[in-house]
Amino acid sequence: MKKLLIVGLAAVLTAGCKGYLEEDTTGLLYGGNVLSTQDGLESALTGSYRGLGNQWTYGFLHPSANAATIGSDDVTTHPASNKADWREFDQFNVSTTNQRSGAVYNGCYKAIQGANNVINNYAKTVGTKATIDIIAGEAFFIRGFSYYWLTRFYGSIPLVLAGEYSADLLTIKKSTPAEVYALIVEDLKKAETMLPNTRRDPGRPNAGSAKAFLADVYLTMAGWPLKQTDKYDLAAAKAKEVIDNRATYGFALMPTFAEVFANDPAVAIIPESVFQINGFTGGSGTANATYGNTTMPGEEGGWDDMFAELNFFKNFPEGPRKDATFRTQFGLGATTIPWQNSLTKHPYYKKWYIKGNVVTSSISLPSVMMRYPHVLTIYAEAKARGTGGPDQAAYDALNAVRLRGLPAGAKALTPGDGLTAAQFADAVVQERAWEFACERTRWFDLIRLEKVEEANAAKSPEDLQPIKPITKANYWFTLPYTDTSINPNL
């Protein structure tokens, strides 16, 4: 009988290796005709989701993706201790055996293979067509989402479209970012037409999710490395679709920033969540390990994995957003110390604290991969950089995010302030830095705008420094050794 494996590329090529490369049997499907049934197709989709979330090994239910983005200027890590994999990113010296990088790589390819099984078979699946189309729409979304993360991290990557193992995978060649982005756009366009406006459950995308990510993809394509500046207009138009139909898709800006990061395990989804990967305690590797220990200081029983860079914290505008973003007093009892007196002498990110200051690495909370303010800032920036410059809607979108973070009575930006289109766009990018601090966003903004060198040059001398001059070669990571050692084409 033919065995269809919902596993990642590296796991397929190196079955039997330990650690990140252990085969996950979730979603294993047996029988040549299993995908001809609606239940079988749904099972393959479940296996695809599983690639995006495993507590300790791959995907996004642990802080590996955060670690891989700390070459930006908002997050750093411990200068000693057992944080070597983290430091490699912050010092621009990422090895081919870095397990944080490999975790995202393997997880995305696991998700891709499961999605490929659905995409390659749904047309001949027997069942309710409307449901089958939704299953396929989710698969197209997952594949586009996964390749988007992969090409932003690695640049040229293997473009795998098969759902089953074949010997050809052992000699597959890399595809260029332009080729990968073409597939991402195609997949997300299909997803936005096949997905319903209402999610099947909180951990799944809807049509608005697909449109929002398509807008983000267009914004990225307009910058480095493709520099297809015509995509700014497409990004603005797609983001505006989401904004104008936000109620239909169930998206909304929450009244206060603190509410966004209440991090209550009893709340399944917040209105700002455009797409999230759910974590649940009680399952096998299904809990979320990004919250709690990883972002708490040692004084509170934390692991000191990630905390704020000093100049970023000092330059952060005062107001309710800063208060809700950072933890500056440490101690879970009556006695606390200021961050200046802590072992690391850095503020920490309150965003990843669990409600009640629970000290654990296993919690039923989602990894929110995009928030609605992301869509607002995509529109504002893309409109500014595109045809005609920023309009009133762009100012409204920026102000909605900006004013929520500032003290009451702060002045809104208006066209009368005299900002040029470029200055307005720069203001949006800076606003994104404050709004999405430690949310895996800043690194990608610096990459597409070619500002990695500038941002790192402005770091405090008390933070980790690049160990050699930064070049464009540092914008991407090398592919994991698990694959390059087997396939010379990689």
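This is a predicted model: local features need pLDDT of at least 70, side-chain atom pairs count only at pLDDT 80 or more; totals for chains, interfaces and linings use all residues.
1. Phe145 belongs to the largest nonpolar core, which counts 126 residues. Together with Phe60 and Tyr147, Phe145 touches the most other members of that core. The top contributor is helix α6, residues 129-154, which supplies 14 residues. In soluble globular proteins, nonpolar side chains tend to be buried together.

2. Next, a strand pair. Strand β6 (residues 273-277) and β12 run antiparallel, joined by four bridges. Strand β12 covers residues 367-371. Four of its five residues are buried, so β12 is mostly covered.

3. Now Lys83. Is Lys83 buried or exposed? Its relative accessible area is 4%. Buried means under 20%, so Lys83 is buried. Lys83 sits in a loop, between β3 (75-76) and α4 (84-90).

4. What does Lys83 touch, leaving out residues up to four places away in sequence? The list is Thr77, His78, Trp303, Asp304 and Asp305. Ser362 is 279 residues from Lys83 along the chain, and their C-alpha atoms are separated by 20 Å.

Key: Residues are numbered from 1 along each chain as its sequence is written. Side-chain values use heavy atoms; hydrogens and water are left out. A nonpolar core is a set of buried Ala, Val, Leu, Ile, Met, Phe, Trp, Tyr and Cys residues joined through side-chain atoms within 4.5 Å. Buried means under 20% relative accessible area, exposed over 50%, partly exposed in between (1.4 Å probe, protein chains only). Helices (H or I, at least four residues) and strands (E, at least two) are DSSP runs, numbered from the N terminus. Contact means heavy atoms within 4.5 Å. Two strands pair if DSSP finds at least two bridges between them.
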